[in-house]
Amino acid sequence: MAKQRGRGMASVNYPTGMNLGGDPSQALIHATTTGSFVVTLSSVDLGQGLKTIMAQICAETLGIPTDNVIVDTADTDTGPHCMGTFASRGTHRIGNAIIMAAKEARAVLLEVAAEELEVNAADLETDGKGNIQIKGSPGKSISVLETALAAHFKHGRTISGRGIFLQPRSYPEPETGRMTPATCYAHACTVAEVEVDTETGEVAVLSLKSAYEVGRALNPRMVEQQIVGGAWMGISHALYETTEPYYPDRAHGPVDFNEYLMPGPGDLPKFENVVIERPAPDGPYGAKGVGEMTANSPIPAIANAIYDAVGVRIDSLPITPEKVLRALKAQAA
Amino acid sequence: MLEYSSKYFAEERNQSLHEVGVERPRSDVQGHVTGRTQFYADRNFPGLLHLKMVRSPHHHARIKSIDVSKALKVPGVVRVLTAADIPSNIYTILCLIQVEPNDEPVLAFDKVRYKGEQIVAVLADSQRAAREGAARVKVVYEPLPAVFDVEEALKPGAPLVNEYHGRNWFTYEGHHCRRVRHGDVEKAFAAADHVIEEKYQSSPIEHAPTETTGCIVVPDSNDRFTCYSNTQALYFTLDNSALILKSPFHKLRLVGGTVGGGFGGKVDVIVEPIAFLAAMLARRPVKYEFSREEEMQVSSPRAAERIYIKDGVMNDGRIIARKVRLYVDAGAYSRHSPYGTTKAAAHMPGPYTIPNVWVDSHCVYTNRTPSSAMRGFGVTIGDFALEVQMDKLARLIGMDPMEFRILNAYRDGDLKAHGKETTGAALVECIQAAAQLADWPIGERYKAMSSQRKGA
Amino acid sequence: MNRIPLRFHLNDAEIGEFIDSGTTLLSLLRDKLGLTATKSGCNQGSCGACTVLINGAPQLSCLVLAARCEGKSVATLEGVSDNGTLHPLQRAFMDGFAAQCGFCTPGMIIAAKALLDRNPDPDRGEVIDAISGNICRCTGYEPIIDAILAAAAEMRGGKRKSA
């Protein structure tokens, strides 16, 4: 009886957005009198940080600092339609809607600034710090705040924009399954190193070393949040979690966190991650959906590492100590 | 530890970004660390009623009678709701994207089809009174034979789970499953050096958000109703609720957007319609939140899947055929499973270019808690099966598993099984980067490969 | 249920209330006093979201009868920011991207504060022990552990790990 080490790998891809499309989202943007920009949505932040990312996308497109963007979301009396937060669609779908709205708003912003500066709007650019200047001669400029004030009180114009993104619905051909499930895919590859205790059947994940291709990381630290949290969930799915431990038998269903097991803070492996970016042509600044995928590659990588360690295949999830011990017993027989 | 690699695809990246591609603090984090972030349940309303559900103790049973008289005598109980109170009791969430038929009652009346199914809602001044009232509702059942195994459920003579379908599977345009047909797998199997078939199985998985599913509905002035909810999709919830209540859409308002973890579990529309109705009838604010036990055993889990994969592989490492039979255990009702089953079919045969692919993906009804969306819906369990299978294939022919995957990985321009051309592929590069990170030796030939067909 | 008087110290205030004898501390805080930083995640003592300090020790407020707090000192997250100045733990959670959905965060910070109040120089294992009763479903725990260690270092006068 001993602790045996092994390693295994797995590589996966993941589609961005609702399968087969047909899932629109909208955004409305307007400037306040003092040059803040309000993004109005009905989208839901589940904790992945949607509100932050949407402010960044709006700021990038308008050419202003993220701090000057206010995201007002999730009231159906004010927010335009959003299909919802699922299917790794938020960043891609809502982000694209915001780019469309922000481009419209930016065009008005520059038109008003052009009138104020008595130049052609096509000759203007934003400096990213809250000013609009003449290309090549930053000395002649007007602030976004002054421009917004002028738009409201002098020109009678709304600096605003409307945006929607729709990936048109695909209908699968019933005989062959020909269809357009998604337009862009994220990718991942994980190498898992495990230690299997042949006496107890317990599996410890020692390290997860992964490469993730995410299109474009719009906020690198928040991509890291998804990667580490997702990899943890992958370990959890691989080794611990189920509401029906003797599926398809319905007995022994857990009802609390004492029975429904997940890895605790003391069960963490060493995480090492590399991020690769191949921008998606239809993604907002190239971004793909990455939140769901991060849980997927660790699961089979761990299963394969267990085989590498002790030579038994557990082809059913979760890979509990009981299953490992039964397999080792069968192997010895 | 995380690093960004600039080694791959540098020429495709816009290098002049200012507000994206850079670290910015989370706009919500100060609220999180001070406890000022307002979740739906952080709102207090005077006169709030608590809703507690009477649930089926049986996996499958006919309801003979429902007697609520003793519940109504419990001090603090205000009223009860049964199926007769629901204007349009039979619904299915995805009717909004034309998935048919309506197959699930908001409140069960003639039958229960899974353990935990909701039957009677009890409204009371306090949680304690609501629980006590629910305990006093008397439902008489006639237990029926139940089916729990997806392949058993498909056999002739299996107990019929859901009469609205008339059979234990979802029908896709006349087919008993979602099909993908690409090339000729049987011909390829005959030509393959090796053919192996393996079976994979998963069990249901709970989303386990730290905040359980719930909502509070408040009657506003002017005969409108506001629902403070932790749904993942406000309009999905609003539209389904209005259809169930036969209410003009404009009378309902959803407020949310701040959620204590979703992971797909809060895409279902379970608590809001009944809470809307309760608030309309009682003319008081109503809160319906899942207990932790309800969240774990009654709310939709990630579906259990059973997947058979049969592969034909050549000694040189090429996979020439893949045949997949996939069974999604939808439980008693459709919810999002017909969608997820199609997504699972579309995902096959994984990120590899295989010239002959055959997929039958079944959405099967059984007498268990309906499953629904969860992080990686339609893909996570498929990836487990595919990638364990890939490991077995590599070992079978004596190839390194990374090199085996790089060889078979899809490249730009490759035709996928569902008929689309591959674009933006990056699997080869991910494998190369992971190999380098993990000091996993791969041959120079494989290090030089690319997802891009340069010069082609 | 009987109505009983209760007096206790809560953050910076003396509280005097009449409560139902069966009221939990969690319910008193959230439903009656309107202090909603303390979260209700399971109401069965298995998730840690409702963690508060009672006489300095971390306790699950969903399992504590409010009546048992008579004469005691209760601290919640609302009392952790000193006159609007964020506690080093709060800043470390922000800088370290240690919160996602934010629902477990109050309980985590309280559990961590209980540790640092009695042990200003914990090692990684001690931090892990201190938060092992608190469920987080989003982060994978690692950034939370790092944030607590960073806050401890700062409170000892050392340099903070993250910029």
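Student: Where in chain B is P101(B) found?
Tutor: This is a predicted model, in which local features need pLDDT of at least 70, side-chain atom pairs count only at pLDDT 80 or more, and totals for chains, interfaces and linings use all residues, while side-chain values use heavy atoms, without hydrogens or water. Residues are numbered from 1 along each chain as its sequence is written, with chains lettered from A and ligands numbered from 1 in the order in which they are written. Helices (H or I, at least four residues) and strands (E, at least two) are DSSP runs numbered from the N terminus. With those names, P101(B) is in the loop between β5 (90-91) and β6 (104-105) of chain B.

Student: What is omega for the peptide bond from E100(B) to P101(B)?
Tutor: The bond that leads from E100(B) into P101(B) is cis. Its omega is near -5°.

Student: And which residue is joined to P349(B) by a cis peptide bond?
Tutor: P349(B) lies in the loop between α9 and β18 (357-365) of chain B. With omega about 10°, the cis bond joins P349(B) to M348(B).

Student: Is H252(A) buried or exposed?
Tutor: H252(A) is in the loop between α4 (220-239) and β11 (270-276) of chain A. Although not a glycine, H252(A) has a positive phi of about 65°. Its relative accessible area is 61%, so H252(A) is exposed.

Student: How about N11(C), buried or exposed?
Tutor: N11(C), in the loop between β1 (3-10) and β2 (13-20) of chain C, also has a positive phi, near 50°. Because its relative accessibility is 18%, N11(C) counts as buried.

Student: How many aromatic pairs are there over all chains?
Tutor: Rings of Phe, Tyr and Trp (its six-membered ring) pair if their centres lie within 6.5 Å; planes under 30 degrees apart count as stacked, over 60 as edge-to-face and the rest as tilted. Over all chains, this rule gives a count of 11.

Student: Is the pair of Y8(B) and F9(B) stacked, edge-to-face or tilted?
Tutor: Both Y8(B) and F9(B) are buried. Their ring centres are 6.5 Å apart and the planes stand at 45°, so the pair is tilted.

Student: How many residues apart are Y114(B) and Y333(B)?
Tutor: Their ring centres are 6.2 Å apart with planes at 80°, so this pair is edge-to-face. Y114(B) is in the loop between β7 (111-112) and β8 (118-124), and Y333(B) is in the loop between β17 (319-331) and α9 (337-347). The pair links distant parts of chain B, and the separation in residues is 219.

How values were computed: Buried < 20%, exposed > 50% of the residue type's maximum accessible area, 1.4 Å probe, protein only.
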